[in-house]
Amino acid sequence: MKRIGLFILTNIAVIVMLGIVLNVVSAVTGVNFGQMAGSDLDVTALLLFALVVGFTGSIISLLMSKTMAKMSMGVQLINTNNPAPGLESWLVGVVRELSEKAGVKMPEVGIYEGEPNAFATGASKNASLVCVSTGLLRMMNKNEVKAVLGHEMSHVANGDMVTLTLIQGVTNTFVIFVSRLVGWVVDRQILRNESDGPGLGYYITSIVMDMVFGLLAGMVVAWFSRYREYRADEGSANLLGSPEHMIEALQRLGTMEPAELPASVKGLGVSGGIGSLLASHPPIEDRIAALRTLR
């Protein structure tokens, strides 16, 4: 369930770093990256620049998603061809059963140390990674764990990460376009820079706006993520033939104290105020109510 936070933070970091690097290169070499030409703003060139960089950032985030998840969560992969007897063998068997029902290739399977949670990620539905935490395995019975795995496999089967990448590419394009437009206004209209190239005000403003608008874009992506959670819950019910075990899993999660999130996703773990707009999951009560309608 942490995949969206990892994706959003990775994507914001990529966009900000691309913006800084391109601004520095432009300032040092004088090369115009379609941002502005003298005192005139080339809107068409800027839009093309924003499209290329915006989708580059989201695609890089998608391609890095499994590697970032493994590194940040300390995932221990299970040999799906020869799992150890007991828990590993059972986990691999459940994931294989669910992947066959969902019509996707067998994903990589892993376990990581932490409070009850799970996530799925990957560049495509046939090259995915599904992981569960040791806390989830300790606190839930097998039916509940299977329901959670069904939820994650539904994300994979629905191609949520790819769809998310397209949405993130569009929002990135908006971020880059508007931030540089604001930078141009500050540089030319407010600071009255009359030199042939962009001034310091342009570079500073566009970098700051990359971060500010990046957070706003993150809210849009988080809204989409909350919508997809309902679909994944329903998908788990379909894979298991009943919503009961997913309801039980959510009820058990609802009784647990919120865990301290890793630093990489801690910024998205706020429950009120602006944090609720960055929440990747709807309230558990709402998800349970939606599942009950499937009965």
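Let's start with T205, a residue of helix α7; helices here are DSSP runs of H or I with at least four residues, strands are runs of E with at least two, and both are numbered from the N terminus. T205 is buried, its relative accessible area being 14%. Buried stands for under 20% relative accessible area, exposed for over 50%, and partly exposed for what lies in between, with a 1.4 Å probe and protein chains only.

Which residues does T205 touch, leaving aside those up to four places away in sequence? They are V182, G183 and V186, where a contact means heavy atoms within 4.5 Å. G183 is 22 residues from T205 along the chain, and their C-alpha atoms are separated by 5.0 Å.

## About the model

This is a predicted model, in which local features need pLDDT of at least 70 and side-chain atom pairs count only at pLDDT 80 or more, while totals for chains, interfaces and linings use all residues. Residues are numbered from 1 along each chain as its sequence is written, and side-chain values use heavy atoms, with hydrogens and water left out.

## The overall picture

The protein has ten helices and four strands. Read from the N terminus, their order is α-α-β-α-β-β-β-α-α-α-α-α-α-α.

Of the 295 residues, 50% count as buried. Among contacts with a separation of 6 or more, 73% are between residues 24 or more positions apart. The accessible surface is about 13,500 Å², and carbon and sulfur atoms hold 63% of that surface; the areas come from the Shrake-Rupley method with a 1.4 Å probe, and for residues only the protein chains shown count as cover.

## Helix α7 against α10

Back to α7, which spans residues 200-240: its axis and that of α10 (residues 284-292) come within 10 Å and cross at roughly 45 degrees. Axes are lines fitted to C-alpha atoms, for helices over the stretch in contact, with angles from 0 to 180 degrees between N-to-C directions. The angle makes α7 oblique to α10, because angles under 35 degrees count as roughly parallel, over 145 as roughly antiparallel, 65 to 115 as roughly perpendicular and the rest as oblique.

On the α7 side the contact is made by E229, Y230, D233, E234 and A237, and on the α10 side by D286, R287, A290 and L291. These residues divide into four nonpolar, no polar and five charged. Here Ala, Val, Leu, Ile, Met, Phe, Trp, Tyr, Cys and Pro count as nonpolar, Asp, Glu, Lys and Arg as charged, and the others, Gly among them, as polar.

## Helix α5 and its contacts

Helix α3 (residues 87-102) and α5 have axes that come within 10 Å and cross at roughly 45 degrees, so α3 is oblique to α5. From α3, residues including W90, L91, V94 and L98 take part in the contact, and from α5, residues including V145, L149, G150 and M153. By class, this contact has ten nonpolar, two polar and three charged residues.

E144 also belongs to α5, which covers residues 142-157. Is E144 buried or exposed? E144 is buried, with a relative accessible area of 4%. Beyond residues up to four places away in sequence, E144 touches M139, H245, E248, A249 and R252.

## S236

S236 sits in helix α7 and is buried, with a relative accessible area of 0%. Not counting residues up to four places away in sequence, S236 touches A147, G150, H151, S154 and M246. S154 is 82 residues from S236 in sequence, yet they are 6.4 Å apart in space, C-alpha to C-alpha.
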